[in-house]
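This report describes a single protein chain for a reader who has its sequence and coordinates at hand.

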Amino acid sequence: MYKNIYLKRGKEESLKRFHPWVFSGAIKRMDDDIEEGELVRVLSENGDFIAIGHYQVGSIAVRVLSFHDEAIDDSFWQRLLSEALQMRVSVGIADNPLNNTYRLVHGEGDHLPGLVIDCYGKTAVMQAHSVGMHVCRMEIARQLVKVMGSRIENVYYKSETTLPYKADLQQENGFIYGGSDDNIALENGLKFRVDWLRGQKTGFFVDQRENRSLLEHYAKGRSVLNMFCYTGGFSFYAMRGGASLVHSVDSSAKAIQLTNQNVELNFPGDARHQAFCEDAFKFLDAADDKYDLIILDPPAFAKHRAALHNALKGYTRLNVKAFERIRHGGILFTFSCSQVVTKDHFRNAVFTAAAQSGRRVRILHQLHQPADHPINIYHPEGEYLKGLVLYVE
């Protein structure tokens with residue numbers, strides 16, 4: 001039987017609107033000896049059932065798994081994983097012969113807060129962002145293997161850097177099912193190596209797949225600069241799109257190595273590509289007007305709300321440099337992946353940068369995360385990726 005948490009009067013209103021978080025300030029009292037990561041029932045002050053979820057120490061005290069009073073068991077995990085897979089199949093992302101790379105589970109967007117699962121060929125990379133999902137990792141992995149069938153042969157658990165450090169779980173990354181050295185996956189017909197051992201996130205930025213495809217259509221004959229290139233995704237799409245020159249820049253030597261490997265996988269010996277291990281701001285300072293297509297896809301400038309002001313200044317400064325360097329008639333792809341930066345925040349930062357540069361700028365596209373990163377309509381906080389495609393005169 002699950003232990004209970006009782007809310008203060010009136011604090012159940014957001015849960016009645018199916019928002020999947022219970023904040024610590026909403027709790028009136030709780031049963032004794034509830035351990036971090038334990039499943040708990042959330043009740044009103046009067047004892048009426050509201051939800052069930054994982055308890056965690058911190059601002060978000062409960063991440064809701066169900067608004068029904070049900071057992072969170074093997075059949076529960078199997079049902080939600082099956083629903084997640086079926087959605088990806090129905091929209092043509094999973095079971096696509098040209099694409100075996102996609103996000104299978106996107107936390108709250110798939111009603112599994114604290115859990116991310118990305119598929120790379122025959123390997124699923126599972127990541128827990130909550131203690132509760134970490135505690136349940138083996139049950140989830142077993143049901144994942146059943147649901148996916150022949151689609152996957154390995155499950156790699158990569159939560160060393162995503163679990164709350166105060167929980168002191170001393171988690172190490174590694175395979176929890178199967179095991180493979182084959183780290184080459186396919187995205188829209190292009191090959192790339194996935195560094196799920198030491199790479200950022202689960203090893204690749206799956207969320208930019210459709211935006212990379214869009215860039216491919218604009219690349220023909222252009223000189224391309226891919227800033228914060230990481231593993232070079234935008235770079236090899238630009239090359240397939242017919243770019244005349246592609247320069248990839250990242251401050252990480254490991255990222256540059258992966259970029260070069262990925263370009264070589266798809267375009268062996270192609271002299272159009274060069275990679276530079278350098279700070280983005282310094283590189284842009286030294287760049288002349290040789291580029292007429294620039295990609296700015298930096299890491300999150302704001303991890304929490306307190307950093308928002310400085311993050312917006314950073315986005316403005318970065319975009320000013322790009323506006324100053326890009327050729328007349330150039331196209332700028334610019335992004336923010338900071339969850340606390342709203343679409344309006346980001347657009348205003350880019351607007352300010354355009355005004356400071358004095359360039360005439362038109363918006364061609366407003367970009368966002370793809371369908372395999374769905375947003376739970378009751379959890380607008382799940383909308384994190386923002387992007388603009390701009391024509392710069």
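The model is predicted: local features need pLDDT of at least 70, side-chain atom pairs count only at pLDDT 80 or more, and totals for chains, interfaces and linings use all residues. Residues are numbered from 1 along each chain as its sequence is written, and side-chain values use heavy atoms, with hydrogens and water left out.

## Overall architecture

The chain contains ten helices and 20 strands. Helices (H or I, at least four residues) and strands (E, at least two) are DSSP runs, numbered from the N terminus. The radius of gyration is 22 Å, close to the 21 Å given by the globule rule for 393 residues, so the chain is as compact as a globular protein of that length. That radius is taken over C-alpha atoms, and the globule rule is 2.2 Å times the number of residues to the power 0.38. Along the principal axes, the C-alpha atoms of the chain fill a box of roughly 65 × 45 × 35 Å.

Of the 393 residues in the chain, 55% are buried. Here buried means under 20% relative accessible area, exposed means over 50%, and partly exposed lies in between (1.4 Å probe, protein chains only). The chain exposes about 17500 Å², of which carbon and sulfur atoms supply 49%. Accessible areas come from the Shrake-Rupley method with a 1.4 Å probe; for residues, only the protein chains shown count as cover. Among contacts (heavy atoms within 4.5 Å) between residues at least 6 apart in sequence, 65% join residues at least 24 apart.

## Two covered strands

Strand β15 (residues 245-250) has five of its six residues buried, so it is largely enclosed by the rest of the structure. It runs parallel to strand β14 (residues 223-227), to which five bridges join it. Two strands count as paired if DSSP finds at least two bridges between them. Within this pairing, Leu225 has His247 in β15 as its bridge partner.

Strand β7 (residues 101-106) is mostly covered, with six of its six residues buried. Its pairing with strand β8 (residues 115-120) is antiparallel and comprises five bridges. Arg103 stands opposite Asp118 in β8.

## Aromatic rings

Rings of Phe, Tyr and Trp (its six-membered ring) pair if their centres lie within 6.5 Å; planes under 30 degrees apart count as stacked, over 60 as edge-to-face and the rest as tilted. The count by this rule is 13 aromatic pairs. In one of them, Tyr315 and Phe346 have ring centres 5.6 Å apart and planes at 85°, so the pair is edge-to-face. Tyr315 belongs to helix α9 (residues 308-325) and Phe346 to helix α10 (residues 343-357), so the pair ties together parts that are 31 residues apart in sequence. Both Tyr315 and Phe346 are buried. Elsewhere, ring pairs link Phe18, Phe67 and Tyr378 into a cluster.

The charged end of Arg240 sits over Tyr237, 5.6 Å from the ring centre, and that of Arg317 sits over Phe281, 4.0 Å from the ring centre.

## Loop residues

| Residue | Relative accessible area | Class |
|---|---|---|
| Tyr291 | 2% | buried |
| Gln208 | 1% | buried |
| His111 | 44% | partly exposed |
| Asn188 | 23% | partly exposed |

Tyr291 lies in the loop between α8 (280-286) and β17 (293-296). Leaving aside residues up to four places away in sequence, Tyr291 touches several residues, including Leu225, His247 and Ile326. The C-alpha atoms of Tyr291 and Ile326 are separated by 5.6 Å, although these residues are 35 apart along the chain.

Gln208 is in the loop between β13 and α5 (209-218). With the sequence neighbours up to four places away excluded, Gln208 touches Phe234, Asp297, Phe335 and Leu385. Gln208 and Leu367 are 159 residues apart in sequence and 9.6 Å apart in space, C-alpha to C-alpha.

Most residues other than glycine have a negative phi. His111, in the loop between β7 and β8, has a positive phi of about 60° although it is not a glycine. Asn188, in the loop between β12 (184-187) and β13 (190-193), likewise has a positive phi, near 50°.

Note on methods: A charge sits over a ring if NZ of Lys or CZ of Arg is within 6 Å of the ring centre and within 35 degrees of the ring normal.
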